Amino acid sequence: ARRYSQTENKRLAIMRAATIIRKSLSFPKRLHHRVSKGIRNQTRRLATSTAIETTIPESMRAVVVTPPEGVDEKGRPRRPSPDALTLSSTVPTPKVGPEEVLIKVEAAGINRPDVLQRMGLYPPPPGHSDILGLEVAGTIVAVGDKVPPGSIQSSPSSSYLEIGARVLALANGGGYSEYCAVPYGQCLPIPENMNMITAGCVAETYFTVWHNLFQQSNIFGEHLQRGDSILIHGGTSGIGSTAIQMAKAFDITVYASAGSQEKCKACLDFGAEKAINYKTEDFVERINELTGGKGVNLVLDMVSGPYLPKNLEVLAVGGRLAIIGSLGGVRSEINMRNVMRRRLTIAGSTLRARNSAVKASIAAELREHVWPLLKDETMKIRIDTVFDMSEASKAHSLMESNAHIGKIALTWQHL
């Protein structure tokens, strides 16, 4: 297997290696076909794994955070700025675990949690990589020995998760690197009409949006349904642009907020029924006007802080507030009688600390319900800017400026 798997024709290599192994064994002729098939299947995994793993380096390039020296005006350690991100070529390459695949990364998306982690405000859970990056796209170069056949369908001609498959994945950190080890259940096939850079900007936002819009419910077990309504804050962010399109695709009436007329227009282009400029309009008044005082069934919020009591005001009876960020602050004051009287649900969630089984369940539902929408381009990923991986500091500066519309990508393609 080692000898023949070095050839370019992997299929021929597997068959030749399997033939040699079969001829060295003794078994009844009536079992010839069954044994040959079993040997081919086992040799396929051994041959392809051995061939690729010999090319995986011990160290790799990755973006690392260099903590600044000194303290701030309050005597606290200084928070790393975007300039603290540098490219290192001596980072140990991750070892693939039994239920993981190793992906040679071609592109990765920038997300708000990356910025918080860089600043020391969102440390990775135990066992997760301390390298930034929660979504990647690339090619599988190694497969763990407990990854079952049939895990995903990487292409029409391949029905199992294999070396050479092009995948996008929700990573447990480690996205800003050349190689990233990912639990196999968090991988999905890249739609044929999608390039690698776009694919690298899918997983974190799509997993997060699907989980909060359709998997979670209010305290009475009621899920978002066709014909319901939603208010999405930050409508032109990666999360916001995805949520608008996904909700629209499932016949949800979408209202969105944004901070400029240009961004409000982008929200409408993504599919929002109405867009509210929060700098010039009171979104509580506007939502009450637009819904005839009924309110919306769900608010998707990444601001929190002063938005919390206002979000509760725009919810319909039995409505749900899904908090996925706290850009506006972590403290607020609310009227609990209003919450009780109108049977409101306030729910917070972060996806990062959830176990692989939860993430795999989201991946399975995305593939069933959302992947067809990507294939027929009912839903699209808008890429604002693409940076080389060596320019991660510029990418973080753009993210912090809030000047982008859609996703920000990093790529190795030019390095």
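In this predicted model, the largest pocket has a volume of about 1,200 Å³. Its lining is made up of 45 residues, and those closest to the pocket centre are R112, M302, V303, G325 and L327. By class, 23 of the lining residues are polar, 16 are nonpolar and six are charged. Four elements, α3 (112–118), α5, α6 (238–249) and β9, each supply at least two residues of this lining. Helix α5 provides the largest share, with five residues.

The strand β9 belongs to an open sheet of six strands, arranged in the order β10-β9-β8-β11-β12-β13 with parallel pairing. At the edges of the sheet lie β10 (274–277) and β13 (345–348), each of which pairs on one side only. On average, and with direction ignored, neighbouring strands of this sheet are turned by 15 degrees against each other. Within the sheet, β11 (residues 296–301) and β12 (residues 315–323) pair in the parallel sense over five bridges. In this pairing, L300 has A322 of β12 as its bridge partner.

Two helices that contact the sheet can be described in turn. Helix α5, which spans residues 203–215, packs on the sheet and touches β8 (229–232), β11 and β12. The direction of α5 makes about 155 degrees with that of β11. Helix α7, formed by residues 261–270, lies across β9 (253–258) and β10. Relative to β10, α7 runs at about 160 degrees. Of these two strands, β9 also supplies at least two residues of the pocket lining, while β10 is an edge strand of the sheet.

Confidence in the prediction was examined along the chain. The mean pLDDT is 89, and 84% of the residues reach 70 or more.

Technical notes: Residues are numbered from 1 along each chain as its sequence is written. This is a predicted model: local features need pLDDT of at least 70, side-chain atom pairs count only at pLDDT 80 or more; totals for chains, interfaces and linings use all residues. Side-chain values use heavy atoms; hydrogens and water are left out. Two strands pair if DSSP finds at least two bridges between them. Axes are lines fitted to C-alpha atoms, for helices over the stretch in contact, and angles run from 0 to 180 degrees between N-to-C directions. Contact means heavy atoms within 4.5 Å. pLDDT is the predictor's confidence in each residue, from 0 to 100. On a 1 Å grid over the protein atoms alone, a cavity is a set of points where a 1.4 Å probe fits but cannot get out, and a pocket is an open set with protein on both sides within 12 Å along at least five of seven lines; lining residues have an atom within 4 Å of a point. Grid points are joined across faces, edges and corners, and a volume is the space filled by probe spheres set on the points. Ala, Val, Leu, Ile, Met, Phe, Trp, Tyr, Cys and Pro count as nonpolar, Asp, Glu, Lys and Arg as charged, and the others, Gly among them, as polar.
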